[in-house]
Amino acid sequence: MKTLKDILYGVSLTELHGDREREISSLAFDSRRVKMGGLFIAIKGLNVDGHDYIETAIDLGAVAILCESLPEKRKKSITYVQVDNSAAAMGIVAANFHDNPSRKLNLVGVTGTNGKTTTATLLFQLFQQLGYKVGLLSTVENKIDHKVLDAQFTTPDSLQLNELLAQMVSQGCTHCFMEVSSHALVQHRTSGLQFAGGIFTNISHDHLDYHETFEAYIKAKKMLFDKLPKEAFALVNADDKRGMVMLQNTKAEKNTYSLKSMADFRAKILHNTLQGLELDVDGISAWFKLIGDFNAYNLLAVYAAGVLLEEEKEEVLTALSQIDGARGRFEQVYNGNNILAIVDYAHTPDALDNVLRTIDKLRTRQEKVITVIGCGGNRDKTKRPEMARIAAEFSNKVILTSDNPRDEDPAVILEEMMKGVPKVAQKNTMIIQDRKEAIRTACNLAEKMDIILVAGKGHETYQEIKGVRNHFDDKEILNEMLNGQ
Ligand SMILES: CC(=O)N[C@H]1[C@@H](OP(=O)(O)OP(=O)(O)OC[C@H]2O[C@@H](n3ccc(=O)[nH]c3=O)[C@H](O)[C@@H]2O)O[C@H](CO)[C@@H](O)[C@@H]1O[C@H](C)C(=O)N[C@@H](C)C(=O)N[C@H](CCC(=O)O)C(=O)O
Ligand SMILES: Nc1ncnc2c1ncn2[C@@H]1O[C@H](COP(=O)(O)OP(=O)(O)OP(=O)(O)O)[C@@H](O)[C@H]1O
Ligand SMILES: N[C@H](CCC[C@H](N)C(=O)O)C(=O)O
Ligand SMILES: [Mg+2]
């Protein structure tokens, strides 16, 4: 078993009281999960302060406490460690506890508002196709080689993260591709990890409820690059005006990719169809199964990362042309009876704009576009009218509906969305709160040649209402309706 001294290696301590040689059985940052002989890490949260649970943690068997402020009354039998930032220290402690698994893997982190899951999943599929054992940490699922594990978060907390990385190492994985959300960066979930590379996809409006200002949101994303070691690569989208900002303070090797300007990795779209994309990448042309301009960016980032990880260009492109991408992203669920139904995870204004522009560009006939869209509760409210406005701009009919209302009243969310729909488009906009009913209505309204887009929930198989996740699957409902016709 490791001692407290072992797991504190590399953590800068303010004060330490008690025995540092004592053995530590386990780590927990939630008092409810403390085990006998464990270390409890007290973190100040948005709702409560973990420091208020130190006593409870000790009662439940914690023998050591890592905290930012020492309790006034301390027990002789307990070791107290004071640090500046408990969450950041927890990352280092977790990495030490699991023998620093990130150092034994090629760990690549992907950050950005949109495209993280797609890029990380494509990288996972690419390296698997190239014959490696690979790990994936994503919004849709976590994977250790072929084993699939449920994902609760886009980026797990540092304890779970290091546990998963350690399992990857023990299963013989050589690479891991992971999404790094802005929440994770601010909460130091990736502290203590050694990345071999960092990728920036893009940045647009999201999560301002949490970060408050766009500048703070940019700064959060930049943290990934600021912390990369000099042996790593930093790869950024040069067509996003914040791409260069990400590179400002990094020690890593700087690389850019672009469809529009000079960059280290360049691609050109040759054909963009509902069957896929033909791209010219580094002078080699190839077809890919993914659809839409935005996926040209994702594919180019994946190709560039493959090359930076020292794979052969041609082999990367051949393998990449055979893979499908992530579930619930521009997924053509039904294409029969002359009706095309697409499920997509667009839950930001930029993503919705991209997906609807793609549909607009690719439609060859005089068909109608019917969009079913909602916005999540307990999330950035300012994107609600904006997403409804975009839906109305590119669709012939819009059905505003519920997404994951969480603790909010869905009717209020819908009212806020409706405020974004211009007067002229209101006659083509309906509100049907019940998502199942909304999808059914879209199917009933669809005539031959029409396109239905159901956006916002993609791969999700639940609808979260007041803390309860009820089974819900956009794809299932579309299939039920359209195949039954
Ligand atoms: C906004 C946000 O990210 N909140 C996260 C944050 O919660 P918090 O600050 O409210 O924590 P808190 O409830 O005040 O508790 C503070 C501390 O006291 C501890 N505690 C609390 C109660 C108790 O009895 N005992 C105890 O020890 C808690 O374990 C915690 O350590 O810290 C918690 C513990 O790590 C997280 O579970 C929680 O994620 C919530 C559930 C969440 O929904 N997060 C989402 C927004 C998120 O992280 N999403 C990103 C993706 C975003 C994207 O799409 O880009 C993700 O990476 O998944
Ligand atoms: N490179 C991109 N640029 C803009 N939009 C994109 C891009 N890639 C995907 N999208 C759109 O964004 C949606 C979400 O994509 P994806 O799941 O890959 O992003 P994400 O960054 O992982 O999102 P999350 O923050 O929820 O984890 C897709 O369904 C698609 O509509
Ligand atoms: N990872 C994103 C997913 C949003 C998906 C959408 N369906 C919603 O529930 O708002 C978040 O937690 O903000
Ligand atoms: Mg994701």
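A residue is called buried if 20 or more other C-beta atoms lie within 10 Å of its own, exposed if 12 or fewer do, and partly exposed in between, with C-beta atoms placed from the backbone. The views below show a predicted model, in which local features need pLDDT of at least 70 and side-chain atom pairs count only at pLDDT 80 or more, while totals for chains, interfaces and linings use all residues. Residues are numbered from 1 along each chain as its sequence is written, and chains are lettered from A and ligands numbered from 1 in the order in which they are written.

**View 1. The protein chain as a whole.** Of the 485 residues of the protein chain, 50% count as buried. Its secondary structure comprises 16 helices and 24 strands; helices (H or I, at least four residues) and strands (E, at least two) are DSSP runs, numbered from the N terminus. The radius of gyration, taken over C-alpha atoms, is 24 Å, close to the 23 Å of the globule rule for 485 residues, so the protein chain is as compact as a globular protein of that length. That rule is 2.2 Å times the number of residues to the power 0.38. Along its principal axes, the C-alpha trace spans about 75 × 50 × 40 Å.

**View 2. The open sheet of 11 strands.** In this mixed sheet the strands follow the order β9-β8-β7-β10-β6-β11-β12-β13-β14-β15-β16. Two strands pair if DSSP finds at least two bridges between them. Strands β9 (147-149) and β16 (284-288) form the edges, each pairing on one side only. On average, neighbouring strands of this sheet are turned by 20 degrees against each other, direction ignored; the axes are lines fitted to C-alpha atoms, for helices over the stretch in contact, and angles run from 0 to 180 degrees between N-to-C directions.

**View 3. Strand β14 and its two partners.** Strands of a sheet pair through backbone hydrogen bonds, either parallel or antiparallel. Strand β14 (residues 265-273) runs antiparallel to β15 (residues 276-281), and six bridges join them. A hairpin connects β14 to β15 through two residues. Asn-272 stands opposite Leu-277 in β15, and Ile-269 has Leu-279 as its bridge partner in β15. Strand β13 (residues 253-258) runs parallel to β14 and is joined to it by two bridges. Here Ser-258 stands opposite Arg-266 in β14.

View 4. A residue is near a molecule or strand if its C-beta atom, placed from the backbone, lies within 6 Å of it. Among the 23 residues around ligand 2, Gly-115, Lys-116, Thr-117, Thr-118 and Ala-351 come nearest. Helices α4 (116-129), α10 (293-308) and α12 (349-362) each supply at least two residues of this shell, and the largest share, four residues, comes from α12.

**View 5. The surroundings of ligand 3.** The residues around ligand 3 include Thr-139, His-347, Arg-379, Asp-403 and Lys-457.

**View 6. Glu-464 in strand β23.** Glu-464 belongs to strand β23 (residues 462-465). Why is Glu-464 partly exposed? Glu-464 has 18 other C-beta atoms within 10 Å, and is therefore partly exposed. Leaving aside neighbours within four places in sequence, Glu-464 is in contact (C-beta atoms, placed from the backbone, within 7 Å) with Asn-404, Arg-406 and Arg-469. The C-alpha atoms of Glu-464 and Pro-405 are separated by 6.4 Å, although these residues are 59 residues apart along the chain.

Technical notes. Contact = placed C-beta atoms within 7 Å.
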